[in-house]
Amino acid sequence: MYREIAATADLSRSELLLVDEFGLPAGHPARCDEMIGRHLLDLLPAPPAAVHTVDVDAADLAAECRRYERLAAGLDLTLLGLGGNGHVGLNEPGSAEDSRTRVVELAPETAAHADTYGAGAAPAWGVTMGIATLLGSAEIWLLVTGAHKAAILRRVLDGPIGPDVPATFLRRHPNAVVLADDAAAAA
């Protein structure tokens, strides 16, 4: 998806906000800011007007979450991936629909998945835009790839809406789109 965006979209007048960040040291290859740099920003012919990230190294994380929440007000488009346990951003199962940008403890499977990004040691926590923050976007795209996501995608689309599968809250958004490959859509 990022390669396609880089090849076809002009983001030079856009401001990008990262949805979340792992509680890893600055410059760590598994951090979201590092990954977005490698997989999108470095591929763009012209940089975005601004790129905003959460400072997980801030001395006052609560204040940093409030600052980031203010930046996230009125997002035009939010691009999300679907986690294997139904999380979006780092809104793990149990996340409330009215949640805002906050520090979160990662579910074991999310932390373990971060290791596939080169974490080395699984991060225990992160900062994420909350469900209410995400639902404040004008448009949401949920990207789902792979057969291993088919069962959770089915729950997102057809299961009860609630905090057990946080992505189900996206069904309440008037302009949410699911972009799934054939493998993910097979269930």
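The following conversation goes through some terms used for this predicted model.

Biologist: What makes strand 4 and strand 8 edge strands?

Modeller: The open sheet has 3 strands in the order 4-7-8, with parallel pairing, and strand 4 (77-81) and strand 8 (176-180) each pair on one side only. From one strand to the next, the twist averages 20°.

Biologist: Which residues of helix 2 are called buried, and why?

Modeller: Buried means under 20% relative accessible area, and in helix 2 (residues 32-39) the residues Cys32, Met35, Ile36 and Gly37 are buried, so each of them lies under that cut-off. Their cover includes helix 1 (2-8) and strand 2 (20-22).

Biologist: Which residues have the most contacts inside the largest nonpolar core?

Modeller: That core has 43 residues, and those with the most contacts inside it are Phe22, Leu80, Leu82, Val88, Met129 and Leu142. At least two residues of this core come from each of several elements, including helix 3 (61-72), helix 4 (108-114) and strand 7.

Biologist: What is Leu80 in contact with, leaving aside its neighbours within four places in sequence?

Modeller: Contact means heavy atoms within 4.5 Å, and the residues in contact with Leu80 include Val19, Val88, Ile140, Leu142 and Leu170. In soluble globular proteins, nonpolar side chains tend to be buried together.

Definitions and conventions
Residues numbered from 1 in each chain as written. Predicted model: local features only at pLDDT ≥ 70, side-chain atom pairs only at ≥ 80, totals over all residues. Heavy atoms only, no water. Buried < 20%, exposed > 50% of the residue type's maximum accessible area, 1.4 Å probe, protein only. Helix = DSSP H or I, 4+ residues; strand = E, 2+ residues; numbered from the N terminus. Pairing = 2+ DSSP bridges. Axes fitted to C-alpha atoms, helices over the stretch in contact; angles between N-to-C directions. Core = buried A, V, L, I, M, F, W, Y, C linked by side-chain atoms within 4.5 Å.
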